[in-house]
Amino acid sequence: KKNNIRKRKISAKRVYIVNFQFYDYEGKTVYLGGAERYVCDLSKLLTKMGYNPILLQFARKKFEKEYNGVKIVGIEAPKHMSAEQASAIYNSICADAEFIIASPMELAVSIDGIPTISINHGINFDTPKNDIFSTIQRNIYAKAVAKSNACVCVDTNFMNWIRTNDYYLTDSLYYVPNYYEPKDFKYKKRNFESEKIVCVYPRRIYAARGYDMVVDAFTSLIKKYGEKIELRFVGQIDNDKARYDLENMMKEFPTQVKQYAVDPNEMPNVYADADIALVPTRYSEGTSLSCIEAMASGCVVVATNVGGLPNTVIDHYNGLLIEPNAEALETAVNELLENRQLMRELAKNGVAVAKAGFQKELWDMRWEKVINRVIGRAK
């Protein structure tokens with residue numbers, strides 16, 4: 001743990017939230033992912049607490065922008081750097097901060113003498129390939145935790161992994177699960193007895209998120225149920241293979257399968273118009289925003305037992321928790337379609353669980369406690 005805070009001139013209430021990218025490297029296009037939404041909400045919380053946060057990222061040329069009231073500054077730097085190199089750059093230019101927030105946590109690995117809170121958004125090395133990258137990534141994660149005054153973890157999966165590697169590093173870990181905003185994601189009562197049931201896959205369309213499981217499972221389900229089931233892929237297509245698979249599926253089932261992307265602000269409507277939400281993650285998952293938001297909106301959730309998803313779903317209580325394969329997904333959706341009472345119960349309990357444990361105000365309170373504890377110890 002970092003105990004020696006170096007002598008430096010501090011700008012009162014200055015906080016840097018350091019990122020690899022928020023806008024793209026050219027500083028033109030905003031990445032509209034969960035991590036970007038997360039740091040925006042965190043910046044707004046810091047402002048509410050009286051701090052002056054600035055989001056830093058790397059770029060071809062220096063720039064300053066404002067996004068939804070959040071100040072973004074691009075730092076001129078090479079496009080491709082190791083985590084250690086990137087962190088070292090921030091270590092040299094952020095010396096006036098009261099503290100730094102590293103998102104992702106790898107950016108804490110070379111920070112010295114500045115109070116630092118890192119964020120683990122979920123394990124991203126649990127891929128099918130256990131290659132040299134995975135080994136390096138695991139080592140960087142452990143080193144980043146050791147360098148952090150606190151590490152905020154969105155799930156207990158990462159915390160347990162650290163615990164099995166170095167038990168004493170867990171002293172600096174804090175569980176702060178992801179969240180939903182109640183004023184945006186409102187419960188809508190559904191008619192689960194409806195002849196037609198709408199299923200939505202509400203996330204980026206690529207293998208890590210299990211889009212191919214959905215294609216395989218629903219090819220069989222649509223053949224069985226016909227027009228009684230509709231499948232909507234709502235998200236950006238990640239690669240040519242995914243685009244090819246979806247185009248073929250939509251050609252085979254032109255009235256039952258749709259694909260489109262929406263602005264994040266439109267996601268409440270996506271959930272409101274669906275009955276079942278599919279979160280069939282294969283790897284690299286925290287406490288999924290999609291899962292939490294879908295539950296809060298009144299959808300029945302089907303999720304895999306991967307990453308932080310077991311922190312959000314109790315099987316057959318507030319959703320179905322399945323193995324990450326197409327057969328298990330098909331079986332789960334079939335069970336729901338054949339048992340509408342179960343759908344009602346899971347949806348009701350899902351709303352209750354979301355309200356009890358994942359509201360935005362709880363996230364704010366948890367973060368405030370971490371920040372106050374780190375700053376109190378640093379002074």
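**Note on helix packing, cores and local backbone features**

1. Helices α5 and α6 are roughly parallel to each other in this predicted model, since angles under 35 degrees are counted as roughly parallel and the axes of α5 and helix α6 (residues 240-252) cross at roughly 10°. These two axes come within 11 Å. On the α5 side the meeting residues are Tyr 211, Val 214, Val 215, Phe 218, Thr 219, Ile 222 and Lys 223, while α6 brings Lys 241, Ala 242, Asp 245, Leu 246, Met 249 and Glu 252. Sorted by class, the residues of this contact are eight nonpolar, one polar and four charged.

2. Helix α5 also packs against helix α9 (residues 326-338), and here the axes come within 8 Å and cross at roughly 40°. The two helices are therefore described as oblique to each other, and α5 passes α9 in a right-handed crossing. From α5 the contact uses Met 213, Val 214, Asp 216, Ala 217, Phe 218, Ser 220, Leu 221, Lys 224 and Tyr 225, and these residues meet Ala 326, Leu 329, Glu 330, Val 333, Asn 334, Leu 337 and Glu 338 of α9. In this contact 10 residues are nonpolar, two are polar and four are charged.

3. Helix α9 has a further partner in helix α10 (residues 340-357), with the axes 5 Å apart and an angle of about 105° between them. This angle makes α9 roughly perpendicular to α10. The residues that make the contact are Glu 335, Leu 336, Leu 337 and Glu 338 from α9, together with Arg 340, Leu 342, Met 343 and Leu 346 from α10.

4. Which residues touch the most other members of the largest nonpolar core? They are Phe 218, Phe 233 and Leu 278, in a core that holds 39 residues. Helix α5 (residues 211-225) supplies the largest share of this core, namely nine residues. If residues up to four places away in sequence are not counted, Phe 218 touches Cys 199, Ile 229, Leu 231, Met 249, Leu 278 and Val 333. There is also a second, separate core, which has 33 residues and includes Val 70, Ile 117, Val 152 and Ile 375.

5. A few backbone details deserve a careful look, because most residues other than glycine have a negative phi, and most peptide bonds are trans. The peptide bond that joins Ser 103 and Pro 104 is cis, with omega about 10°, and Pro 104 lies in the loop between β5 (99-102) and β6 (116-120). Lys 13, in the segment before β1 (14-18), is not a glycine and yet has a positive phi, near 70°. Ser 284, in the loop between β12 (276-279) and α8 (289-297), likewise has a positive phi, in this case about 60°.

6. Are Lys 13 and Ser 284 buried or partly exposed? Lys 13 has a relative accessibility of 36% and so counts as partly exposed, whereas Ser 284, at 18%, counts as buried.

7. Apart from neighbours within four places in sequence, Val 109 is in contact with Ala 83, Glu 84, Ser 87, Ile 140, Lys 143, Ala 144 and Lys 147. The C-alpha atoms of Val 109 and Asn 91 are separated by 9.6 Å, and the two residues are 18 residues apart along the chain.

8. Lys 360 belongs to helix α11 (residues 360-378), and, although its side chain is a charged one by class, this lysine counts as buried at 13% relative accessibility. Leaving out neighbours within four places in sequence, Lys 360 is in contact with Asp 41, Tyr 179, Tyr 180, Glu 181 and Pro 182. The C-alpha atoms of Lys 360 and Lys 44 are separated by 12 Å, while along the chain these two lysines are 316 residues apart.

Conventions:
Residues are numbered from 1 along each chain as its sequence is written. This is a predicted model: local features need pLDDT of at least 70, side-chain atom pairs count only at pLDDT 80 or more; totals for chains, interfaces and linings use all residues. Side-chain values use heavy atoms; hydrogens and water are left out. A nonpolar core is a set of buried Ala, Val, Leu, Ile, Met, Phe, Trp, Tyr and Cys residues joined through side-chain atoms within 4.5 Å. Buried means under 20% relative accessible area, exposed over 50%, partly exposed in between (1.4 Å probe, protein chains only). Helices (H or I, at least four residues) and strands (E, at least two) are DSSP runs, numbered from the N terminus. Contact means heavy atoms within 4.5 Å. Axes are lines fitted to C-alpha atoms, for helices over the stretch in contact, and angles run from 0 to 180 degrees between N-to-C directions. Angles under 35 degrees count as roughly parallel, over 145 as roughly antiparallel, 65 to 115 as roughly perpendicular and the rest as oblique. A crossing is left-handed if the near helix is turned anticlockwise from the far one by less than a right angle, and right-handed if clockwise.
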